[in-house]
There are 2 protein chains.
Amino acid sequence: MRHPLLAVALLALSVHAGEPAPVPSPGEIAAAAPASDWIAIAPSDLLVMDLAPDAKGHPRRVVIQLMPPPFSQGWIGNIRKLAAAHWWDGTSVNRVQDNYVAQWGDATEKKALPEGLVTVPESEYTVGFEVSYPREAGFAEEVFFPLVDPRYKEDAYGVSGFFNFGWPVGLNNEFVWPVHCYGAVGVGRNMSPDTGSGAELYTVIGHAPRHLDRNIAVVGRVISGIEHLSSLPRGTEALGFYKTEAERTPIVSIRIASELPAAEQPKFEYLSTTSDSFARYADARANRRDPFFITPAGGADICNIPVPIRPVAAK
Amino acid sequence: MRHPLLAVALLALSVHAGEPAPVPSPGEIAAAAPASDWIAIAPSDLLVMDLAPDAKGHPRRVVIQLMPPPFSQGWIGNIRKLAAAHWWDGTSVNRVQDNYVAQWGDATEKKALPEGLVTVPESEYTVGFEVSYPREAGFAEEVFFPLVDPRYKEDAYGVSGFFNFGWPVGLNNEFVWPVHCYGAVGVGRNMSPDTGSGAELYTVIGHAPRHLDRNIAVVGRVISGIEHLSSLPRGTEALGFYKTEAERTPIVSIRIASELPAAEQPKFEYLSTTSDSFARYADARANRRDPFFITPAGGADICNIPVPIRPVAAK
């Protein structure tokens with residue numbers, strides 16, 4: 001399992017021997033993409049969650065990218081208001097269920113919400129395909145990335161594609177919707193018709209629970225620091241809730257990054273999903289031919305082709 | 001996200017009101033299955049890994065079920081010999097990579113292996129379909145469970161089905177193979193043609209890395225205690241290896257359960273994948289209609305239909 005290290009050694013060897021270079025890995029393809037293929041993420045679309053330092057005093061920062069329009073904007077508007085009101089400061093991570101989710105918010109369920117939050121209807125779990133993306137605008141050709149393996153395009157959860165703003169989505173003939181891949185951030189809710197305000201959030205820390213698609217709002221994805229949530233002790237009560245207050249991880253603050261001092265704003269960029277680099281990256285994810293692999297899968301599920309995202313190096 | 005609790009409340013309410021009972025959840029279907037649908041797992045097929053107690057002194061036991069024939073038996077034979085030789089005692093968990101694997105074995109890579117281990121060829125990553133399961137024996141009809149949703153049967157990784165011993169497998173017209181779902185246990189290896197001895201093992205702690213199918217041996221699955229591996233701190237070196245020895249989690253012992261004193265042998269059972277109960281469970285996983293859900297997915301990937309496994313209650 002230490003194959004990348006060995007792969008580097010083999011690469012050096014084969015170059016010396018004058019043999020063809022090995023097929024690059026997906027990560028190597030992304031790393032080699034030209035700067036023009038990377039798109040900066042606006043600080044106004046980043047949510048920065050600082051947990052209390054760990055037992056050794058190390059800081060724990062989680063960075064979440066919020067989804068672009070037209071997805072889930074009602075909830076995301078609420079989330080922006082909650083962050084502006086510093087509502088989450090002093091709340092906590094209250095639930096960690098293995099192979100499912102880590103969830104945070106007000107454990108008392110009594111903290112008053114700020115003024116001005118909207119109630120979002122269930123119809124906004126999806127976006128109308130024809131309404132939002134008229135075919136004459138070239139939606140099918142340009143917005144969705146044509147993957148090489150046609151089997152990739154359809155899975156048990158609907159026909160899937162890649163949205164051109166860099167987000168995985170599911171779709172059928174009527175609707176488009178965000179999907180619950182690892183690291184997806186969603187809005188906790190009570191029974192239908194409740195859709196949640198956005199004050200109670202969770203992230204996926206296990207195999208993609210795609211049965212939640214179209215049943216709960218997805219509002220973003222963790223792009224840095226998910227290990228501070230995924231490696232927390234699992235709760236021992238039903239659904240992974242912690243039994244005691246002492247087990248909860250305190251949240252120091254949650255802010256929209258653009259509200260932080262400029263020097264403290266995290267900066268990230270993602271690989272354009274309409275770039276040639278992404279095309280080759282996705283094909284390589286579905287057909288691993290880099291040196292460790294002997295049998296390419298011939299396909300991949302949408303959650304096994306994570307969009308490459310990286311911090312922007314300081315200049 | 002506290003839906004099951006609310007669902008129970010609603011159930012009580014609707015019974016009182018004389019309304020039809022809500023559709024049961026997959027877990028409720030499994031729990032209601034008759035005892036005759038549950039199959040005991042032989043202690044000789046269980047690997048018991050005891051990690052050093054955690055910082056609070058709590059024991060950490062991980063139980064792994066080994067695959068039945070005809071899958072991966074060369075490696076499993078080696079694993080039995082390694083356990084019998086107490087080879088893993090004093091080794092450690094050396095690598096934890098977020099959304100991928102936790103891996104254990106000899107961090108020094110210098111510990112001598114016991115006598116008698118075999119070298120398994122790559123051809124044993126798969127099992128020949130026609131050779132092992134002649135069609136005249138009713139393989140297609142009986143061994144694989146016919147799921148209700150036909151879309152489920154094929155995914156981007158091959159045509160998938162459920163093996164009648166209770167294991168998820170992938171298959172095409174030629175081969176059958178075990179798949180890398182959450183909790184699957186595989187054999188670390190170096191570059192091909194190395195296939196690993198079985199001394200270096202890992203388990204999946206994130207989204208199913210199905211690109212590893214047919215490229216690495218799968219020998220079992222964690223059926224209890226995976227949280228002791230999945231919640232470990234992530235390693236900060238390349239591939240999630242720990243930087244220092246102090247970060248590693250010591251392994252006290254790994255034993256085949258049948259070698260433990262009878263009173264200490266863990267006992268588990270799984271829901272027969274050819275039972276009617278499993279049919280309804282799998283259909284419910286693919287089409288959630290229990291009260292929290294408003295839109296059934298209409299399908300599921302094979303790793304989102306985990307085979308129900310539970311401890312056998314002491315009598």
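The legends below describe close-up views of a predicted model.

Residues are numbered from 1 along each chain as its sequence is written, and chains are lettered from A and ligands numbered from 1 in the order in which they are written. Local features need pLDDT of at least 70 and side-chain atom pairs count only at pLDDT 80 or more, whereas totals for chains, interfaces and linings use all residues; side-chain values use heavy atoms, with hydrogens and water left out.

**View 1. Chain A as a whole.**
Chain A holds seven helices and 16 strands; these are DSSP runs numbered from the N terminus, with helices (H or I) of at least four residues and strands (E) of at least two. Of the 315 residues in chain A, 56% are buried. Here buried means under 20% relative accessible area, exposed means over 50%, and partly exposed lies in between (1.4 Å probe, protein chains only). The accessible surface of chain A is about 13,200 Å², and carbon and sulfur atoms contribute 57% of that surface; areas come from the Shrake-Rupley method with a 1.4 Å probe, and for residues only the protein chains shown count as cover. Among contacts in chain A with a separation of 6 or more, 73% are between residues 24 or more positions apart, a contact being heavy atoms within 4.5 Å.

**View 2**
Eight strands of chain A close into a barrel with antiparallel pairing, in the order S2-S3-S13-S11-S12-S5-S4-S14. Two strands count as paired if DSSP finds at least two bridges between them. From one strand to the next, the twist averages 35°. Helix H3 (residues 73-84) of chain A lies across several strands of chain A, including S2 (46-51), S3 (60-66) and S14 (249-256), and runs at about 110° to S14(A). Axes are lines fitted to C-alpha atoms, for helices over the stretch in contact, and angles run from 0 to 180 degrees between N-to-C directions.

**View 2. The open sheet of chain A.**
Three strands of chain A form an open sheet in the order S1-S15-S16, with antiparallel pairing. Strands S1 (38-40) and S16 (309-311) of chain A each have a single partner strand, so one side of each is left without a neighbour in the sheet. The twist in this sheet averages 30° from one strand to the next. Strand S15 (residues 268-271) of chain A is linked to S16(A) by three bridges; A:Phe268 has A:Pro311 as its bridge partner in S16(A).

**View 3. Strand S15 of chain B and its neighbours.**
On strand S15 (residues 268-271) of chain B, B:Phe268 and B:Tyr270 point one way, B:Glu269 and B:Leu271 point the other way, and all are buried. Strand S1 (residues 38-40) of chain B runs antiparallel to S15(B) and is joined to S15(B) by three bridges, with B:Ile39 opposite B:Tyr270. Three bridges also join S15(B) to strand S16 (residues 309-311) of chain B, again antiparallel, and here the bridge partner of B:Tyr270 is B:Ile309.

Strands S9 (residues 168-171) and S10 (residues 175-178) of chain A are antiparallel and share three bridges; they form a hairpin with three residues between them. A:Val169 stands opposite A:Pro178 in S10(A). Strand S6 (residues 127-128) of chain A pairs with S10(A) over two bridges, also in the antiparallel sense, and A:Gly128 has A:Phe175 as its bridge partner.

**View 4. Aromatic pairs.**
Over all chains, the count comes to eight aromatic pairs. Rings of Phe, Tyr and Trp (its six-membered ring) pair if their centres lie within 6.5 Å; planes under 30 degrees apart are stacked, over 60 edge-to-face, and the rest tilted. A:Phe292 and A:Phe293 form an edge-to-face pair, 5.6 Å centre to centre with 85° between the planes, and both residues are buried. The ring centres of B:Trp87 and B:Trp88 are 6.2 Å apart and their planes stand at 80°, so this pair is edge-to-face; B:Trp87 and B:Trp88 are buried.

**View 5. Charged ends over rings.**
The charged end of A:Arg214 sits over the ring of A:Trp177, 4.2 Å from the ring centre. In chain B, the charged end of B:Arg221 sits over the ring of B:Trp167, 3.8 Å from the ring centre. The rule asks for NZ of Lys or CZ of Arg within 6 Å of the ring centre and within 35 degrees of the ring normal.
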